[in-house]
Amino acid sequence: MDLSGNWSEENKDIWDLTKKILKQDLESQIFSTYIGCLELVNVDIACKTISIKAPSSFVCKLLTSQYKNKLSDAFEKTLGAPVDLNIFAEEALGAVDEAKIKKPRYVVVKRPNQTNSVKLKTKPVSLNHKYTFDTFVVGNNSQFGHAAAVQIAENPGKSYNPLFLYGGVGLGKTHLLHSIGNYALEKNPGINVHYVSSEVFTNELIDSLRTSKMSQFKEKYRKIDLLLIDDIQFLARKERTQEEFFHTFNSLYSSKRQIVITSDTMPLEIPGIAERLKTRFAWGLTADLQAPDFETRVAILKRKAFEEEIKIDDKIIHLIADCISSNVRELEGALTRIVVLSKLRKTCISLELARDSLREILRPKQLTPTVRDVTCAVSDHFGVRPTDLSSKRRTRKISFPRQIAMYLCRKHTTCSYSDIGADFGGRDHSSVIHAARVVSKKLKEDDNVANILNKIERDLLSQ
Ligand code: ADP
Ligand code: MG
């Protein structure tokens with residue numbers, strides 16, 4: 001990637017775009033508390049190293065132990081290549097000029113034992129205003145969940161309780177949860193709405209236990225009118241938190257306050273959650289969110305492009321919608337990545353640029369066939385069994401397809417000659433080299449062989 005040009009501006013672009021990706025990937029509270037305060041200090045493209053400064057050793061440790069992979073992945077998406085991440089703490093630099101330190105968005109409390117601890121600044125209403133019903137594109141996949149959410153938002157506590165929304169990653173559960181809160185507040189500004197992820201709920205509980213502030217914790221949660229709790233599956237095996245949530249649930253439920261819960265599976269199937277909680281989750285209405293169909297994916301991308309003022313051709317929108325089918329977050333991520341690439345390359349968003357960008361996302365997951373894919377495609381074509389290809393049989397009916405399969409494995413997978421040999425009945429690398437040579441030679445001399453290979457490759461790569 002050409003990164004010559006104005007250095008600091010490039011760095012700013014890289015950082016801004018990486019943060020955009022992280023924002024989609026991380027919970028909003030985590031993002032604003034731990035990512036907003038970081039500073040990108042160096043991008044060394046030659047050594048593939050990126051240095052990031054954290055404002056305290058606590059944040060540095062937390063990021064290194066819990067979020068380093070996410071940060072590295074985000075940089076990789078921005079730059080199109082893996083990087084080494086070096087996170088260091090401002091304090092580690094020794095004496096620093098106070099005036100130059102950007103004030104972090106959290107309070108650092110020094111404990112007597114010298115370790116630092118961070119206190120989350122929790123606002124009374126923790127809603128993301130971008131997630132509203134207006135910005136949610138309704139498709140067949142989400143019609144029911146959306147309708148239930150609207151009904152709950154219009155009359156919290158008066159219809160189904162709890163509302164339980166479930167579905168795979170990136171399908172809009174969190175978006176709908178915030179939408180319910182935003183809408184309910186708009187209609188009735190006096191209502192006490194609280195959005196919390198199970199992770200934050202757990203942390204708050206632990207903190208309250210540690211500081212003997214359980215009565216405040218209970219009081220806070222029991223006077224909520226509309227509790228929106230996200231990703232309840234993360235309470236798995238946290239018995240103490242589950243117990244406290246059980247009491248919170250009962251208290252809210254009996255006083256007809258609305259509870260909305262999201263999870264990745266249906267209530268009775270969440271592993272590691274107490275039976276009494278699971279049955280309660282299923283008391284009200286359960287609605288699922290499915291993966292969007294092609295038309296809905298196109299509509300979501302168009303909506304996103306409109307919101308972000310991105311000028312993009314329909315053909316490119318269709319290409320993205322074709323390539324990414326199971327996750328709205330990835331769909332949005334792909335669009336962001338195309339915009340990133342066009343900014344970095346300083347070119348407009350063309351079909352070619354979109355293909356380049358998508359290829360980098362898709363190749364590791366979908367476009368690289370495995371040895372198994374190759375053996376299946378070859379055995380399908382020749383009408384033999386995949387196990388025949390790894391057998392010791394040497395009849396031409398088997399040995400020719402086997403040679404073709406070895407040749408294709410070498411060409412399309414990342415396996416070495418020895419790996420391929422091992423997968424084909426424990427043959428050694430020289431048999432694979434020999435097979436690959438034979439096929440290459442035949443390919444040049446015999447049109448039939450070229451046609452066979454073409455056909456198998458088409459099947460293989462279109463999977
Ligand atoms: P989940 O909580 O199910 O993992 P999110 O609600 O975080 O998924 O959604 C991931 C991203 O996709 C968010 O940016 C969200 O705004 C967007 N999104 C999901 N579904 C839709 C939809 N139907 N319309 C518009 N945006 C959507
Ligand atoms: Mg979510």
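**Exercise 1.** Determine how far a polar side-chain atom of glutamate 332 lies from an oxygen atom of ligand 1, and which other residues make such contacts.

*Solution.* Step 1: for glutamate 332, the distance from a polar side-chain atom to a ligand 1 oxygen is 2.8 Å. A polar contact here is a pair of N or O atoms within 3.5 Å. This is a predicted model, in which local features need pLDDT of at least 70 and side-chain atom pairs count only at pLDDT 80 or more, while totals for chains, interfaces and linings use all residues. Residues are numbered from 1 along each chain as its sequence is written, ligands are numbered from 1 in the order written, and side-chain values use heavy atoms, without hydrogens or water.

Step 2: threonine 174 also places a polar side-chain atom 2.7 Å from a ligand oxygen, and leucine 171 brings a backbone N or O atom to 3.1 Å from one.

Step 3: alone, ligand 1 exposes 550 Å², of which the protein buries 92% (Shrake-Rupley areas, 1.4 Å probe).

**Exercise 2.** Describe the shell of residues around ligand 1.

*Solution.* Step 1: the shell has 16 residues, each with a heavy atom within 4 Å of the ligand. Gly170, Thr174, His175, Arg329 and Glu332 come nearest.

Step 2: by class, seven are nonpolar, six polar and three charged; Gly counts as polar.

**Exercise 3.** List the residues in contact with isoleucine 52, leaving aside neighbours within four places in sequence.

*Solution.* Contact means heavy atoms within 4.5 Å. The partners of isoleucine 52 are Trp15, Leu38, Glu39, Leu40, Val41, Leu71, Phe75, Leu85, Asn86, Ile87 and Phe88.

How values were computed: Polar contact = N/O pair within 3.5 Å; in protein donor to acceptor, adjacent residues only side chain to side chain.
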